[in-house]
Amino acid sequence: MDSRLAMPRRAVLSMGAGLAAAACAPLAPAGSPRPSGAALRRSPPEDVGVSSAALSGIRTALQRQIDANEITGAVTAVARRGRLIWLEAQGVRDTQTQAAMREDDIFRMMSSTKPLTAVAVLMMLEEGRLSLDDEVARFIPEFADQRVVSLPAGSNDPAQATFVPATRRIRIRDLLTHTSGLMSYGDFLAPGPGQIVTPIEHRPGDTLASYVPRLGGVALDFQPGARWRYSPLAGFDTLLRIVEIASGQTADVFLRERVFEPLDMRDTAFNIPEEKRDRLLKLYARKNDSWVEEPSILGPEDHRAYLSGAGGLFSTALDYLKFEMMLTQGGAWNGRRLLKTETVALMSTNQVGQMFSEWIPPITAGMGFGLSVSVVEDESKGDGRSKGAFGWGGAYGTETWADPALEVSACLMVQQGSRSAKAALSQAIRAAITA
């Protein structure tokens, strides 16, 4: 949730000739053979203007986090100019057995799922199946008549709630930018009044098709478009349901055919096959000076019928790096085009003025917010990332970004949140760039 990043149009258009050639490649049709992994063979960092010796600062920086018990371990991955220049696992995956972290370990992506959902929405935009200014009610009629709730300051008593009609209906753009007021979180990451007054609980066996229409009965936390407040689950779950309706495919099939297979993301899914479950990391929290195993906040992980577009995906460092490389390269990867260059520019351009920057200034100052991603607007606040870098993170500490100005894509995979680990990685990458 705490992330920093975005890509203005000028940065997209300034990429090198090799990326420009990739930009001309058509998207291969669904069902065609997957691309080979050749595009991600490791290259010497010096081949792309990076110092190997300085890049090893990543290892040193992350080890400090491990030694300080900020995290149990990490997998980090970095690409520059379309080449993989760093992939390393550090620390342990099991604190009891001290088994070492592995490069192919599978992580809970949590809110790192959101940019993938946004790409699915933008694919429907490019096909003319929706507009960013479409009302959600066009696809889900239950959203037609929403109200806005107000509670007295400091009160959580539903009996004290008052309601007014929404001045307009929620639009797709509102959901993508967290300006809808739909089950949002406030300045201190506390549930907004709408959740307190009209909670909408999941039922056993719920799917997007059964649950999302019920969200139309939620009282909004503020008038649509009036402010930036994070909608951790409802907003992007609603977006993925719209993708299902617009495409005629279930979310898992759409993402597999349109995103995962073209990007050769073989270990990314809403449900992990049994033969891969031993690669899923345990979850730990630091309590009383020791690591304690905890269950996922999203519940049982054996098989989920509910495919959350806000936080339901599992992935690996290498898989997600390919996704970020596609965005860094203006929508194309390994000879395949997923999005138009101008669509990626739209995704990564600040859409909300100062609203995000002013949300939690110690964290968000100097940042804008695009379509699902935060955007570096003040480079001095970017922890080594350039103006125009963009990305997002997840509740368990995954952080990924695209930095077109530096031609860098990066992934930090951990399962304990650590802002300092993210900053350490981005600063180490910037220090290693020589040309």
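The structure is a predicted model, in which local features require a pLDDT of at least 70 and side-chain atom pairs count only at pLDDT 80 or more, whereas totals for chains, interfaces and linings use all residues. Residues are numbered from 1 along each chain as its sequence is written, and side-chain values use heavy atoms, with hydrogens and water left out.

The protein contains 14 helices and 16 strands; these are DSSP runs numbered from the N terminus, helices being H or I of at least four residues and strands E of at least two. Its C-alpha trace spans about 60 × 55 × 45 Å along the principal axes. Of the 435 residues, 58% count as buried (buried, under 20% relative accessible area; exposed, over 50%; partly exposed, in between; 1.4 Å probe, protein chains only). Where contacts (heavy atoms within 4.5 Å) join residues at least 6 apart in sequence, 72% link residues at least 24 apart.

Two packed helices are described by the angle between their axes and the distance between the axes. For helix α5 (residues 114–126) and helix α11 (residues 317–328), the axes come within 12 Å and cross at roughly 50°. Axes are lines fitted to C-alpha atoms, for helices over the stretch in contact, and angles run from 0 to 180 degrees between N-to-C directions. Helix α5 is therefore oblique to α11 (under 35 degrees, roughly parallel; over 145, roughly antiparallel; 65 to 115, roughly perpendicular; the rest, oblique). Pro115, Leu116 and Val119 of α5 form the contact with Tyr320, Phe323 and Leu327 of α11.

Leu116, located in helix α5, is buried, with a relative accessible area of 1%. Not counting residues up to four places away in sequence, Leu116 touches Leu255, Val259, Phe260, Leu313, Tyr320 and Phe323. Of these, Val259 is 143 residues from Leu116 in sequence, with a C-alpha to C-alpha separation of 8.2 Å.

Pro273 lies in the loop between α10 (251–260) and β7 (284–287) and is partly exposed, with a relative accessible area of 33%. The C-alpha atoms of Pro273 and Asp302 are separated by 9.2 Å, the two residues being 29 residues apart along the chain.
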